[in-house]
Amino acid sequence: MIKMSVKGPILFIVKRAIALYLIVVLSVYITIVIANLGGYVDRITQAQILEDITFTIKRDPQYRGLPPEEVDRIIRDTYELELKKLGLDTPFIVRSFRYLVNGLTLDLGRALYLTSDTGSRQVKLIILERLPQTVMLFTTASVLNFFIHLFLGLYLSRHYGGKLDKLFIALSPTSIVPGWLYGLFLIMIFASILRVLPYGGYVDVPPPDDPVSYGLSVLKHMILPLSSWIISGFFMGVYGSRTFYLIFSTEDYVTVAKAKGLPPRIIERRYILRPALPPVITSFSLGLIGSWGGAIITETVFNWPGLGKVMRDAINSMDTPVIVGEVIIYAYLLAITVLLLDILYLFIDPRIRARFR
Amino acid sequence: MRKELLSLFISLVIILGALMPEMIVVAQQEVPYGPWVDEIIFFEESDYGKVVEMLEKGEMDIFLFTITDPVLFDRVKKSPNLQYKVAYGYYNELTLNPAEFKVGFNPFVNPRIREAMNYIIDREHIVNEIYKGLAKPKWLPFISGFPEYGRIADVIKLLEAKYAYNFEKGKEIVYEEMAKMGCEMKDGKWHYKDEPVVIKIIIRVEDERRLIGHYFADQLEKLGFKVDRLERTRREAAPIIYAGDPTEGLWHVYTGGWVSTAVSRDDSDAYGYFYTPLGYGSFMQYAKPDPLFYEVASRLWRADYETWEERQELMAKGAEMALKDSLRVWIVDQISPFVSVKGLMGAADLSGGYTTAVWSRTVGWEGKVGGSVRAGSLGVLVDPWNPVAGTNWLYDAIILWTVNDYAFLIHPYLGLPMPNRVVEYTVEVNETGIPVPSDVWFDWDVKEKKVIYAPPGTYAKAKVRGNYGSILGKVKYHDGTVMTLADWVALWAFTFERANNPESPLYDESAVPGFREWRLNYRGFRIVSEDPFIIEVYTNYTHPEREFIANWALGWPNTPWHVTAIGILAEEKGLLAFSDYKAKKTGREWMNYIGGPSLSILASVLDEAIRTKYIPLPELASKYIKPEEAVARYNALKKWYEERGHFWVASGPFWLYKADFTAHQAVVKAFREYSFKADKFAWLAEPPIPEVTIVPPEMVVPGVEATFEIKVSYAGKPYPSDRIESVKYLMLDAQGNLLGKGSASLIEEGSYKVVIPSLETGKMSPGTYTFMVVASSKDVAVPAIKEAGFIVIPPITYFQTLLQTMRSELEAKISAVQSSVTPLERTINELQSSLNTVTLISTVAVIIAIVSIALNFILMRFRK
């Protein structure tokens, strides 16, 4: 066992934390600027607001009897109110820093146009109300994918060159097809032709009254989107894992272990899986974090109420606070995960520990 | 035997007794109170392919939005399980920039070139190739399914013929005008000051306008223009078109699109809005309409006409001048199909389709009472619901229309407000002023907290009297509470406190513009009678159609006062805000009566209201609400919330059963204590668009009177003449020139005729002609337009034909006589031979007789 000093790792962690935080700050500010097209979105939004208000008022027969200057005044007042409501009466540069500070302090503020599922304008609620559905579907898919790939990959690495191995190699390009495309096929087969599963949505129409039936109905609606994700990543994922473990199993120390006559189980556990652990954990953690962002197209195809659709709507309506909110939460989660992984590596990877002896 | 009969009778009585209640129930259920169906489930589906699939497979009963994809619509048409109704409301045009450019050349400053664009666009091609038949060609801003079109359809039809596709004619005008403007054609391309003329078209990419834009670009290239095709989204285009400087030369043409969400009755502002600086958009300030056209447009804009006929004359004049100006080149009226499964009835608005309040009041299954309807929508439960300043989304409005109720509803086929809760009303208009009585509620003194009555010398342009029937103490709200006078007047001051009292905790800046506009027109109201409930409203708002004035003036307390009161209390306490604007400004939650964080706040506020016997705005409301009544009402609401999980209590034919925000589904159930039965609007089930058949004369001869017969029917039966607005006709020659027009005269129910006098036919030269009939109904805005061809032949040909006919007739008669003579001859011959035989026999008989007599005589002599 290699002993390490305490000061070194702490300093390392602090430095990593600062670096990661700066990256978060920078990436969030870049997102703010991009989401606003450097302030151009303001011009677009203002033109749209003016167009909508003028059209509504000028074509409303109730206003036709009024003198033109009175109509213009009503248009102007309504327009200015709308600008104030959206905060567009403040210059973009000022707002961009306000967005940044609020975002970094997790005061995600209010959305410009979007509302949460329950009708709240709070960005926090917009995200939080969708997170459970996203986690339920995509995190489940990520976890299932991870374990399927892990065990099948290991199995194939043990039976390298076998028929099954060859089959997986041959079929691995099928994973190029995105999950949502498989989804469309699945809908066609199981919803349209066989009529055994729903076309999409979150729950039956109408939603069942008792919670158990409701939960079962949700599970039924998860089958197709979940399957589409599993099928999409299946062959490539297994093939990747198998190759990954194969690389580790051809290391010199594995050959030595084999030569020493150690049993295959021990070789697999101590000499293959253990050194492979850091990248496996990294991949699992990042996959998990990635799954919290949802998937825009899959959610749209299956009409699944997840965070991907929120992001799509936010981009479509140029709702900067929501875009920033999603990005900042994702950035924080990513930074925290990376930091935790760095800490974890200190314990599980002897090569890193060795740097702090 | 007697015993057996008695027992049979008793058995029958028992059986009937057992069945009677059920029979009575069935009979009662035939027309239930509230809607026909028991529930409607609204759910979200935005993938049109899936929508059609689900409809076909019975997973969805109706889709509330239009399906315009031609391929999907074809599937709908071919499906044995589906039916559809059509609506209008989307229309497209090309906007031509009228501004002179700072740099570069703009040919569209020239109105003749703009006018010529009408000739180079083959609208039929666009309809057939781009819209696959789901559109109608269009030349003017009036939607062909709406009343304004029908009113001047005769004029429009002529213009449509005049401006029909004629590329060569358009090209001729463009070449002539371009040369006049100093342009030269070099190597097949137009040049101005040695620079090629480049036309920049901003093409919207979201819909069929993309293809229209490219089609128009192709046509311009054929005319020798270099074209820059700039594909843009709405977001990208809006700042350039509407807010940008049109003289910068960033665009020449823009593929504009418009939508009308309700049948528009009065489009007299269209010329002003679309062709003159009265319209919106920076480029409109550069529009230079012909002074005469501007006068027509602005008079119509200001409603500056004495009579309806004068207005119609201006509209007709404007139509011709609009095409001469052509700042907008109109392309098509889209036909929007609204799809449902077969067997599902329900009125569809001619503009909004099923997105109308009348739909849920007429929806039902054929031959069945009750049942459930699964209605797909593009969105469900978007923004917060509250009774003061809640959601503005159409997706929410569709559901709200089912649970709320209104004094008036909009007629789905006419666009006119029609009474719903109002039983009857009268409207009195006097532009010079109607004196406002001194006991009407004119204003609210926000400082002194008291009603201000109309001061002496107050006048209004209109007085509306509305009778709601016997409603107080009878009309029920969803939570079981019963309407009282308090629901009408207790919160009257709230409008003023909210928009006119910056000191009030209820003050909301966003309510001010709307309040100002309302206040400019509102002159007061008073209650004339409580049973029946009659009110009088005085207003300065006027409109050519009295229904609109009544709709402006007469309201309905859809939300009972106690439901609004808890929102008022929450806002007073600074916990929630009715409007999105105030919510943002104060950092509070936007009040939502049906979900989200607002619910727990409203629940605690309700408890407080019960505890404190809260009466909102007590200076006025306490005159109408006693503390114990308030508590009873609040308790009813609390019970409702505990059972239903939301606070939406209203007076509509459905009540909100469930709002699932995660699944985006809403379930509304029939409110069987609703005041009206389901058949209240049954007469609106289908739009009674007239069907026209023309029977033209076989031929028309100059100088000879000609009669055209016209049949106007609906569903195979004659159209009632008292429901027909007009049956007009037009006569056009092969070139589309008008030869005559007028109105058909009624012969009998559903039958009309047009007699063209000999003087008129005498002016016609031989050839083919078109006879067009435009029949307009009083019950539906869509006019029926039918054409029939007829031939005019020269008089000589007519007489030749006449002689030929006479000769043929004579010859026929002769041959008929001949053919009848032959059997006569045969009969005579037969008679002759019979006679001969008879003669022979007679002769023989005579001879025999003579011989016998002679023999007798000889014998006698011999005996002697």
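Two strands pair if DSSP finds at least two bridges between them. Keep that rule at hand; the model used here is predicted.

**Exercise 1.** Decide how strand E9 (residues 198-204) of chain B is joined to strand E11 (residues 253-259) of chain B.

*Solution.* 
- Step 1. Count the bridges: two join E9(B) to E11(B).
- Step 2. Apply the cut-off of at least two bridges. The two bridges reach it, so E9(B) and E11(B) pair.
- Step 3. Check direction: the two strands run parallel.
- Step 4. Find a facing residue: Tyr254(B) in E11(B) lies opposite Ile202(B).

**Exercise 2.** Compare the reach of helix H14 (residues 320-348) of chain A with its expected span, then find what covers its buried residues.

*Solution.* 
- Step 1. H14(A) has 29 residues.
- Step 2. From first C-alpha to last it reaches 41 Å, close to the expected 42 Å.
- Step 3. Its buried residues include Thr320(A), Glu326(A) and Ala331(A).
- Step 4. Their cover includes H1 (7-35), H5 (92-104), H6 (123-158) and H13 (307-316) of chain A.

**Exercise 3.** Describe the contact between chains A and B.

*Solution.* 
- Step 1. Chain A gives 42 residues and chain B gives 51 residues.
- Step 2. On the side of chain A that touches chain B, H2(A) gives the most, nine residues.
- Step 3. That side has 16 nonpolar, 15 polar and 11 charged residues.

Note on methods:
Residues are numbered from 1 along each chain as its sequence is written. Chains are lettered from A and ligands numbered from 1 in the order in which they are written. This is a predicted model: local features need pLDDT of at least 70, side-chain atom pairs count only at pLDDT 80 or more; totals for chains, interfaces and linings use all residues. Two residues are in contact if their C-beta atoms, placed from the backbone, lie within 7 Å. Helices (H or I, at least four residues) and strands (E, at least two) are DSSP runs, numbered from the N terminus. Ala, Val, Leu, Ile, Met, Phe, Trp, Tyr, Cys and Pro count as nonpolar, Asp, Glu, Lys and Arg as charged, and the others, Gly among them, as polar. The expected span of a helix is 1.5 Å times one less than its number of residues. A residue is buried if 20 or more other C-beta atoms lie within 10 Å of its own, exposed if 12 or fewer, and partly exposed in between; C-beta atoms are placed from the backbone.
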